[in-house]
Amino acid sequence: MMTVAELSTYLSLSARSVYRLVGDLPAIRVGGRWRFRVSDVEQWLLKQRKASEPQIEPVEELGSKPRLFSHMDEANIFLDVPESAAMPLIRDAILRATLKLTESPEAAAKERILSSVLDRENLCSTALHPDVAFPHPREPEKCPLGDDRIVVVRAAQPVEFGEIHGYRPRIVFLLLARTASLQLLWEARLSHLLHREGFVQKLLSAKSPRELFDVFAPPGDAAGNARRTA
């Protein structure tokens with residue numbers, strides 16, 4: 001849950017403007033004060049997209065932009081990692097990931113990214129599906145990222161995310177976008193795919209990073225082939 005002050009900072013709006021949004025933006029009254037669920041805020045932001053922004057389309061559909069696999073790389077897909085708690089799993093993934101950074105040294109830049117991701121996770125669990133979590137920076141625009149990357153982790157066992165419904169996912173998509181709008185688009189596309197029959201099972205049964213990557217990159221796609229052979 002977020003307070004008015006936290007949401008004001010998150011949206012870069014005044015507290016007065018946040019109060020005006022109540023009604024259009026779902027809110028809960030707790031002890032006489034407004035509180036906002038992070039998942040509600042993110043869904044509301046997604047609805048505010050401008051008409052000129054790319055629409056959400058199935059990954060398989062030709063011409064779909066942006067496509068998830070174009071931000072993925074086999075080198076950033078880690079299978080059957082041993083961590084069973086969210087924080088160490090996220091830390092290990094960021095430290096192992098091959099990222100383009102705008103600051104140096106690398107270790108310090110990655111620590112900044114990690115801190116932002118953990119800050120976001122402390123607001124509300126990103127395990128929004130029984131099998132999948134979508135961790136991401138709280139303030140992506142302030143992270144020293146030189147490009148937009150999706151890091152994929154599949155744990156060897158269910159991971160504890162502290163989710164109120166008891167979700168303990170094995171698949172984690174670490175969404176390292178440089179803007180909140182792209183990160184929200186990625187989340188929406190992943191959420192759409194999770195409702196497709198057999199999609200999660202393909203991720204769980206992939207025998208290699210390439211096989212998992214191929215779930216997102218159709219074999220006949222030139223861009224996907226180029227990335228696979230790079």
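## Basis of the description

The model is predicted: local features need pLDDT of at least 70, side-chain atom pairs count only at pLDDT 80 or more, and totals for chains, interfaces and linings use all residues. Residues are numbered from 1 along each chain as its sequence is written, and side-chain values use heavy atoms, with hydrogens and water left out.

## Overall composition

The protein contains 9 helices and 6 strands. Helices (H or I, at least four residues) and strands (E, at least two) are DSSP runs, numbered from the N terminus. Of the 230 residues, 44% are buried, where buried means under 20% relative accessible area, exposed over 50%, and partly exposed in between (1.4 Å probe, protein chains only). Among contacts between residues at least 6 apart in sequence, 64% join residues at least 24 apart; a contact means heavy atoms within 4.5 Å.

## The sheet and strand E5

An open sheet of 4 strands has the order E3-E5-E6-E4, with mixed pairing. Two strands pair if DSSP finds at least two bridges between them. The edges are formed by E3 and strand E4 (132-133), each of which pairs on one side only. Helix H6 (residues 180-194) packs on this sheet and touches E4, E5 and E6; its direction makes about 155 degrees with that of E6. Axes are lines fitted to C-alpha atoms, for helices over the stretch in contact, and angles run from 0 to 180 degrees between N-to-C directions.

Strand E5 (residues 149-155) is mostly covered, with 7 of its 7 residues buried. On one side lie Arg 149, Val 151, Val 153 and Ala 155, on the other Ile 150, Val 152 and Arg 154, and both faces are covered. E5 pairs with strand E3 (residues 77-81) in the parallel sense over 4 bridges, and Phe 78 stands opposite Val 153. With strand E6 (residues 171-176), E5 pairs in the antiparallel sense over 6 bridges; here Val 152 stands opposite Phe 173.

## Packing of helices H4 and H5

Two packed helices are described by the angle between their axes and the distance between the axes. For helix H4 (residues 86-96) and helix H5 (residues 106-123), the angle is about 150 degrees and the axes are 10 Å apart. H4 is therefore roughly antiparallel to H5, a description used for angles over 145 degrees, whereas those under 35 count as roughly parallel, 65 to 115 as roughly perpendicular and the rest as oblique.

The contact includes Met 87, Ile 90 and Ile 94 of H4 and Ile 113, Leu 114 and Val 117 of H5. The residues of this contact divide into 8 nonpolar, 1 polar and 5 charged. Ala, Val, Leu, Ile, Met, Phe, Trp, Tyr, Cys and Pro count as nonpolar, Asp, Glu, Lys and Arg as charged, and the others, Gly among them, as polar.

## Backbone features

Most residues other than glycine have a negative phi, and most peptide bonds are trans. Ser 104 and Pro 105 are joined by a cis peptide bond, with omega about 0 degrees; Pro 105 lies in the loop between H4 and H5.

Asp 80, in strand E3, has a positive phi near 55 degrees. Asp 80 is partly exposed, with a relative accessible area of 41%.
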